[in-house]
Amino acid sequence: AFADALVTANAVLQLKPSDLRAQQEVGELEIRLGHHAAAAERARTLEGDFTDSPVGPGLRAKLALAQGRAQDAVDALNVARARAPNMPELAVALAQARLLAGDLETGLAELTALADTHAAVQPVLADALLAAARWPEAAAALERVLAQDAGNTAALNNLAWAYQQAGDARAKATARRLLKAAPDDVASLDTAGWVLVQAGEA
């Protein structure tokens with residue numbers, strides 16, 4: 001499917017060779033297909049030709065992440081952010097790259113600040129806190145997610161687990177709430193069952 005999409009995107013690019021969006025789409029497809037040399041060359045060209053756009057360094061960052069070079073992605077995203085400081089999606093990508101590069105505190109601090117002003121970042125922050133085993137903070141973030149979206153069973157599942165890991169007495173009630181909300185979901189059943197076992201209800 002990606003190969004077919006690349007053929008189509010290249011056809012569009014032939015018609016509109018200076019179309020930045022088309023260039024970006026082709027570059028992203030090249031990364032997905034493992035055409036890393038072509039994607040790297042495209043990123044360099046875009047970065048030089050469109051000096052006010054974050055697309056070139058953004059593409060360079062995606063390539064770096066695909067190759068497991070998280071710090072290089074951080075460096076590229078810093079350039080992208082300098083070119084487009086008001087794009088929250090770039091700020092989120094930079095924070096996530098910092099986490100992958102091992103800069104846990106800076107990455108989490110940036111996501112926390114973003115989540116304060118952009119509700120859509122709250123689930124990203126919650127996932128990052130869960131991955132970092134910061135259980136009380138993760139639980140607080142998940143509570144905020146559920147305040148925005150009460151029917152989010154994935155967040156409810158994670159909240160039950162975070163409460164359990166934090167030794168929070170609300171874990172059992174949350175597990176029962178999860179069973180009612182998602183009685184047929186395997187992941188939810190697994191989490192709720194384990195929480196109840198740990199609460200002495202084997």
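This is a predicted model: local features need pLDDT of at least 70, side-chain atom pairs count only at pLDDT 80 or more; totals for chains, interfaces and linings use all residues.

Me: What makes a set of residues a nonpolar core?

Reply: The residues have to be buried and of the nonpolar kinds, and be joined through side-chain atoms within 4.5 Å. The largest such core has 31 residues, and those touching the most other members include Val 121, Leu 111 and Leu 142.

Me: Which elements give two or more residues to this core?

Reply: Helices H6 (88–100), H7 (104–117), H8 (122–131), H9 (135–148) and H10 (153–166), plus H11 and H12. H9 gives the largest share, seven residues. Another core, of 11 residues, lies apart from this one, with Ala 61, Ala 73, Ala 80 and Leu 90 among its members.

Me: Why is H11 called roughly antiparallel to H12?

Reply: The axes of H11 (residues 171–181) and H12 (residues 186–198) cross at roughly 150° and come within 9 Å. Angles over 145 degrees count as roughly antiparallel, so H11 gets that label against H12. The crossing of these two helices is left-handed.

Me: Which residues make the contact?

Reply: On H11, they include Ala 171, Lys 172 and Arg 176; on H12, Ser 188, Thr 191 and Val 195 are among them.

Me: How do the residues of the contact of H11 with H12 divide?

Reply: Into eight nonpolar, two polar and two charged. Lys and Arg count as charged, and Lys 172 and Arg 176 of H11 are both in the contact.

Definitions and conventions. Residues are numbered from 1 along each chain as its sequence is written. Side-chain values use heavy atoms; hydrogens and water are left out. Axes are lines fitted to C-alpha atoms, for helices over the stretch in contact, and angles run from 0 to 180 degrees between N-to-C directions. Helices (H or I, at least four residues) and strands (E, at least two) are DSSP runs, numbered from the N terminus. Angles under 35 degrees count as roughly parallel, over 145 as roughly antiparallel, 65 to 115 as roughly perpendicular and the rest as oblique. A crossing is left-handed if the near helix is turned anticlockwise from the far one by less than a right angle, and right-handed if clockwise. Contact means heavy atoms within 4.5 Å. Buried means under 20% relative accessible area, exposed over 50%, partly exposed in between (1.4 Å probe, protein chains only).
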